[in-house]
Amino acid sequence: MPGTPPSRFVYLGPEGTFTEAALRTLPAAERGIRTPARSVPEALEAVRAGDADAALVPLENSVGGAVPVTLDELVTGSPLVITREVVIPVEFVLAARELTPLASIRTVAAHPQASAQCRNWLLAHLPDAVVVDVLSNAAAAISAAAGEHDAALCAPIGVPRNKLTVLADKVADHADAVTRFALLSRPGPVGEPTGDDVTSLAVSIRRDQVGALLAVLTELSVRGINLSRIESRPTGEQLGTYFFFLDCTGHVAETRMGEALQGLRRICAEVRFLGSYPRHQQVHEEPAPGVPGLTDADFADSAAWLARLRAGDAH
């Protein structure tokens with residue numbers, strides 16, 4: 001991140017959730033001030049108002065999909081940009097005040113998303129237990145620690161904080177489930193390309209323009225820019241009008257991404273730049289091979305060739 005690194009962080013609270021665990025993977029956040037917010041809009045408004053330098057909020061889950069409130073907030077209010085992404089595994093634990101046989105558990109506190117992601121495990125191991133909805137994973141851990149419920153589905157970070165005992169770990173139905181978080185700041189100078197970056201955009205297309213979405217995708221594909229995610233959300237203005245959220249491989253400082261953005265600016269009703277930032281590295285992940293004719297070297301060669309033509313060299 002260019003300039004002075006952030007030291008005041010706000011995140012979707014409360015304490016003891018996956019969002020806090022994700023934030024604490026960032027060295028600057030571990031050293032800095034961390035403040036929980038009651039909602040995504042509250043977290044982002046703290047950054048817009050200058051009360052915090054950056055906010056970490058959930059962007060998407062590999063099981064549940066995109067987080068609508070985050071997407072909606074990114075296209076309303078003054079602009080914010082993503083400067084980092086954090087991806088962590090979603091590994092729920094079943095915890096209680098003390099070691100307890102599973103057969104004796106009658107009530108389990110859980111956030112609705114947690115119980116949905118652990119549904120089959122609960123049916124198999126706690127078929128007679130009643131799952132009680134609570135407001136967060138942290139609230140589930142607190143209620144179990146207080147003895148209000150026999151056990152809780154919670155994030156691992158909530159176990160030591162509430163002096164709980166783990167009865168079962170990795171209880172989610174999808175062992176490889178992850179959540180992607182975005183660190184958002186006020187706009188500023190964009191960092192240098194790393195060679196493995198993501199550029200996020202939100203674009204709206206004219207309602208009466210035939211083939212508008214195809215035109216958007218063409219601006220990217222003809223320049224060899226891979227589209228890794230596309231998500232639509234209604235603009236809220238009238239039925240049939242949408243923002244499309246795009247994650248593209250590449251960086252705004254690179255020539256072909258710059259050309260694509262200029263093209264999108266010409267054909268879209270609105271383009272909101274949401275940031276260029278390093279892609280989160282997955283374990284054992286191999287870089288995608290370049291497509292012949294669409295590699296950086298190919299673009300550089302063609303640009304040099306055009307420059308020679310304009311200079312009078314026909315070779």
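Leaving aside neighbours within four places in sequence, Gln117 is in contact with Asn61, Val63, Val90, Phe92, Ala172, Asp173 and Ala177. In this predicted model, Gln117 has its place in helix H5, and the residue counts as buried because its relative accessibility, 12%, falls under the 20% cut-off.

Phe92, one of the residues in contact with Gln117, also belongs to the largest nonpolar core, which holds 35 residues and in which Leu56, Phe92, Leu94, Leu126 and Leu153 touch the most other members. The largest share of this core, 3 residues, is drawn from helix H1, spanning residues 18–23. When residues up to four places away in sequence are not counted, Leu56 touches Val10, Tyr11, Leu12, Thr19, Ala22, Leu23, Val86, Phe181, Ala182 and Leu183. Another core, of 26 residues, lies apart from the largest one and has Ala37, Leu74, Phe245 and Leu274 among its members.

The second largest pocket contains about 580 Å³ of space. Its lining is made up of 28 residues, of which Leu12, Pro58, His111, Gln113 and Asn137 are the closest to the pocket centre; Leu12 is also one of the residues that Leu56 touches. At least two lining residues each are supplied by H1, strand E3 (54–61), strand E4 (65–66), helix H4 (68–74), helix H5 (112–117) and strand E11 (178–185), so that helix H5, in which Gln117 is placed, is among the elements contributing to this lining. By residue class, the lining of the second largest pocket divides into 14 nonpolar, 12 polar and 2 charged residues.

How values were computed
Residues are numbered from 1 along each chain as its sequence is written. This is a predicted model: local features need pLDDT of at least 70, side-chain atom pairs count only at pLDDT 80 or more; totals for chains, interfaces and linings use all residues. Side-chain values use heavy atoms; hydrogens and water are left out. A nonpolar core is a set of buried Ala, Val, Leu, Ile, Met, Phe, Trp, Tyr and Cys residues joined through side-chain atoms within 4.5 Å. Buried means under 20% relative accessible area, exposed over 50%, partly exposed in between (1.4 Å probe, protein chains only). Helices (H or I, at least four residues) and strands (E, at least two) are DSSP runs, numbered from the N terminus. Contact means heavy atoms within 4.5 Å. On a 1 Å grid over the protein atoms alone, a cavity is a set of points where a 1.4 Å probe fits but cannot get out, and a pocket is an open set with protein on both sides within 12 Å along at least five of seven lines; lining residues have an atom within 4 Å of a point. Grid points are joined across faces, edges and corners, and a volume is the space filled by probe spheres set on the points. Ala, Val, Leu, Ile, Met, Phe, Trp, Tyr, Cys and Pro count as nonpolar, Asp, Glu, Lys and Arg as charged, and the others, Gly among them, as polar.
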